[in-house]
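This briefing goes with the sequence and model shown below. Please keep both in view while reading, and look up each residue as it is named.

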Amino acid sequence: PVHGSAPDIAGQNLADPRATLMSLAMLLENLAHHHPAIGSAAQHLHDLIQADLAREANGDPFSGTRETGQRLCQWLAA
């Protein structure tokens, strides 16, 4: 949604799934005007992405598509 499908790096564990998830969070935020309960889901997703980006800002390198996606899924399930 933000950077395209990136076919040139498909299967190389290089794409950052957070851009796609941020697009989803923005969509949910927009839908929250009609369904307020969705707003909390949008905020939760924003917070997870922000926490993950902060992890990198503190020196942890980008861990790849799979690991980043798995980590965010674990946080969502918690």
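Asp52 is found in helix H2, where helices (H or I, at least four residues) and strands (E, at least two) are DSSP runs, numbered from the N terminus. With 0% relative accessibility, Asp52 counts as buried, a word that stands for under 20% relative accessible area, whereas exposed stands for over 50% and partly exposed for values in between (1.4 Å probe, protein chains only). The model is a predicted one, in which local features need pLDDT of at least 70 and side-chain atom pairs count only at pLDDT 80 or more, while totals for chains, interfaces and linings use all residues. Residues are numbered from 1 along each chain as its sequence is written, and side-chain values use heavy atoms, with hydrogens and water left out.

**The chain as a whole**

- The protein chain has three helices and zero strands, and from the N terminus on its elements run α-α-α.
- Taken along the principal axes, the box filled by the C-alpha atoms of the protein chain is roughly 40 × 30 × 20 Å.
- Of the 78 residues of the protein chain, 23% count as buried.
- Among the contacts (heavy atoms within 4.5 Å) in the protein chain with a separation of 6 or more, 54% are accounted for by residues 24 or more positions apart.
- The protein chain has an accessible surface of about 5200 Å², and 61% of this belongs to carbon and sulfur atoms; such areas come from the Shrake-Rupley method with a 1.4 Å probe, and for residues only the protein chains shown count as cover.

**Helix H1 and the segment before it**

- Asn13 is found in the segment before helix H1 (18–31), and its phi is near 65 degrees, a positive value in a residue other than glycine.
- H1 has 14 residues and reaches 20 Å from its first C-alpha to its last, close to the 20 Å expected at 1.5 Å a residue, where the expected span is 1.5 Å times one less than the number of residues.
- The buried residues of H1 are Arg18, Ala25 and Leu28.
- Seen down the axis of H1, these buried residues fall within an arc of 75 degrees, so they line one face of the helix; the arc is that of the directions from the helix axis to the C-beta atoms.
- The cover over the buried residues of H1 includes helix H2 (37–57) and helix H3 (65–77).

- If residues up to four places away in sequence are not counted, Asp52 touches Arg18, Thr68, Arg71, Leu72 and Trp75.
- Glu56 also lies in helix H2, but at 24% relative accessibility Glu56 counts as partly exposed.
- Leaving out residues up to four places away in sequence, Glu56 touches Arg18, Pro61 and Phe62.
- H2 is followed by Gly59, whose phi is positive, near 110 degrees.

**Helix H3 and the end of the chain**

- H3 has 13 residues, and from its first C-alpha to its last it reaches 18 Å, close to the 18 Å expected at 1.5 Å a residue.
- In H3 the buried residues are Thr68, Gly69, Arg71 and Leu72.
- They cover an arc of only 160 degrees around the axis, which puts them on the same side of H3.
- On the other side of H3, Arg66, Cys73, Gln74 and Ala77 are exposed, while the buried residues of H3 pack against H1 and H2.
- Ala78 lies in the segment after H3, and at 86% relative accessibility Ala78 counts as exposed.
- Although Ala78 and Gly11 are 67 residues apart along the chain, a separation of 28 Å is found between their C-alpha atoms.
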